Amino acid sequence: ALGNEPNDPHQDNCTPEEYAKLYHIFEGWAKSAPRCRILPAGIANADWQWTEAFREAFRQKYGRYPRVDGWNIHNYILEPGLDPYDVGEFQRRILAFRRWMERIGDGHKPLFLTEFGVLYGNGCCGRPVDPPEKIQQFMRDAVQWLIESEVVSCWAWFATYSEHYNGSLMTPEGQLNQLGILYRE
């Protein structure tokens, strides 16, 4: 995958046109490894509209759509006024991205959810500390839905360990904490 959250102003912060240029270079590098599979970076908020703009920018500049062997998304609910623990919103975004994939003829390709969780709630970013039961319930509900729906090919919780964000699966010493034990189960 090329980059990290190209559509997020706090990460790679690329316009669709800028990312199309970078991705074209990435495709060129991938040709030197014939068995290499490529996919775009994790698209923040599972934003299929930004992703569509990237595809169209690529097509306009290079006369074809970018080569993708799958799609890669990240899914957090970070917008002010929305509940970061809303599993319904979490599901809606993933389903909308999958429907977009079907519309463009990529419904048969894998969809990777390479980051999800609840980033805020441990006291960072102007939010209070949430009770651990809230994130545990979100994890149970989100993972159960991911298993049952089979909408994504694989998924990964964020983060293994973070001093700043909510959702760490391990202690600073590298041992599983309560959330890590739940995720393992």
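The questions below concern a predicted model.

Q: How many disulfides does a search of the whole structure find?
A: A disulfide needs two cysteine sulfur atoms within 2.5 Å. The sulfur of C14 is too far for a bond, because the closest cysteine sulfur, in C36, is 19 Å away. C36 is in no disulfide either, with the nearest cysteine sulfur, that of C154, at 16 Å. The number of disulfides found in the whole structure is 0.

Q: Is C14 buried or exposed?
A: Buried means under 20% relative accessible area. The relative accessibility of C14 is 15%, so C14 counts as buried.

Q: How does C36 count by its relative accessibility?
A: Values between 20% and 50% fall in the middle class. C36 has 26% relative accessibility, so C36 counts as partly exposed.

Q: What distance does α3 reach from its first C-alpha to its last?
A: Helix α3 covers residues 87-103, which is 17 residues. At 1.5 Å a residue, 24 Å is expected, and the helix comes close to this. From first C-alpha to last, α3 reaches 24 Å.

Q: Which residue caps the N-terminal end of α3?
A: A side-chain oxygen lies 2.9 Å from the backbone nitrogen of G88.

Q: Which elements are included in what covers the buried residues of α3?
A: The buried residues of α3 are V87, E89, F90, R93, I94, A96, F97, R98, W100 and M101. The cover over them includes α2 (48-62), β1 (71-75), β2 (111-116) and α4 (132-149).

Q: How are α2 and α3 oriented to each other?
A: W48, T51, E52 and R55 in α2 meet A96, F97, W100 and R103 in α3. The two axes come within 10 Å and cross at roughly 30°. Angles under 35 degrees count as roughly parallel, and α2 and α3 are therefore roughly parallel to each other.

Technical notes: Residues numbered from 1 in each chain as written. Predicted model: local features only at pLDDT ≥ 70, side-chain atom pairs only at ≥ 80, totals over all residues. Heavy atoms only, no water. Buried < 20%, exposed > 50% of the residue type's maximum accessible area, 1.4 Å probe, protein only. Helix = DSSP H or I, 4+ residues; strand = E, 2+ residues; numbered from the N terminus. Expected span 1.5 Å × (residues − 1). Contact = heavy atoms within 4.5 Å. Polar contact = N/O pair within 3.5 Å; in protein donor to acceptor, adjacent residues only side chain to side chain. Axes fitted to C-alpha atoms, helices over the stretch in contact; angles between N-to-C directions. Parallel < 35°, antiparallel > 145°, perpendicular 65-115°, else oblique.
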